[in-house]
Amino acid sequence: MPDYQIAPSILSADFARLGEEVDNVLAAGADIVHFDVMDNHYVPNLTIGPLVCEALRKHGVEAPIDVHLMVKPVDRIIPDFASAGASYITFHPEASEHIDRSLSLIRDSGCRAGLVFNPATSLGYLDYVLDKVDMILLMSVNPGFGGQSFIPATLDKLRAARRLIDQSGYDIRLEVDGGVKVDNIAEIAAAGADTFVSGSGIFGFARSDDPNRYDSILQQMRVELERGASI
Ligand code: DX5
Ligand code: ZN
């Protein structure tokens, strides 16, 4: 079975108790903390910045933090997130004037670099930079909000991205973000994804009075991933 990693998007967590929420979801078996940064310019919503990333590290979070930049421009904020403890930094190619430079800046800052593809954005942006990419993130919704429905055309795009990665021989993770839930994660895995962002699919399905609230949802996702691997 591939090395599947589950990355809860904290956008759907309870921000008033963020440290505790992240601790609980990691204790339940999540692998990566997905951290959505929105600027009310590249996308029509406003979220969190490097201060919050640093606060999570100071709180004791040791898991990889996957910073998904939905901001324009991107370069100015990259070193700030690197110093704040980001592990991955991904950005949308449309938001950078110099994609190759932004990717290099992320790696030079000591982080792993990724490109994010909106539903209508072509994978062609990868043609000349595949050697500079550690993560390809396919958006399965239009970016800006949690709780939207998975766009089915993403499955074909995942298959195309999986072929690209396998043919290249590079060690690149294939992440998917938007509308990922227990009931569709198996077919998404079968299409080639290995890293699964889920916000409302994890944080929205837990009872707040249950101390082990994320165990069951993550366990169900693992079972479905195993099924997906054998499709
Ligand atoms: C959307 C964000 C996602 C979002 C996913 O722009 O990039 O990470 O939190 O939320 P769900 O899983 O609820 O679609
Ligand atoms: Zn995201």
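Select Asp-194 and Arg-162: they form a salt bridge, with the closest N and O atoms 3.3 Å apart. A salt bridge here is a side-chain nitrogen of Lys or Arg within 4 Å of a carboxyl oxygen of Asp or Glu. The pair links distant parts of the chain, 32 residues apart. Asp-194 sits in the loop between α6 (185-190) and β8, and Arg-162 in helix α5 (residues 154-168). Helices (H or I, at least four residues) and strands (E, at least two) are DSSP runs, numbered from the N terminus.

This is a predicted model: local features need pLDDT of at least 70, side-chain atom pairs need 80 or more, and totals for chains, interfaces and linings use all residues. Residues are numbered from 1 along each chain as written, chains are lettered from A and ligands numbered from 1 in written order, and side-chain values use heavy atoms, without hydrogens or water.

**Stay with Asp-194**

Both Asp-194 and Arg-162 are buried. Buried means under 20% relative accessible area, exposed over 50%, and partly exposed in between (1.4 Å probe, protein chains only). Arg-173 lies in strand β7 (residues 173-177) and Asp-194 in the loop between α6 and β8, so the pair ties together parts 21 residues apart in sequence. Arg-173 counts as buried at 14% relative accessibility. Colour Asp-3 and Asp-166 too: salt bridges that share partners join Asp-3, Arg-162, Asp-166, Arg-173 and Asp-194 into one network. The structure holds 16 salt bridges.

**Next, Glu-21 and Arg-17**

These side chains meet in a salt bridge (3.9 Å, N to O). Glu-21 is buried, at 4% relative accessible area. Arg-17 is partly exposed, at 27%.

**Then Ser-9**

Ser-9 is in the loop between β1 (5-8) and α1 (18-27). Ser-9 is buried, with a relative accessible area of 6%. Leaving aside neighbours within four places in sequence, the contacts of Ser-9 (heavy atoms within 4.5 Å) include His-34, Asp-36 and Phe-203.

**Last, the core**

The largest nonpolar core has 71 residues. Such a core is a set of buried Ala, Val, Leu, Ile, Met, Phe, Trp, Tyr and Cys residues joined through side-chain atoms within 4.5 Å. Show Ile-10, Phe-35, Leu-69, Ile-136 and Phe-196, which have the most contacts inside the core. Then centre on Ile-136. Not counting residues up to four places away in sequence, Ile-136 touches several residues, among them Leu-115, Phe-117, Ile-165 and Arg-173.
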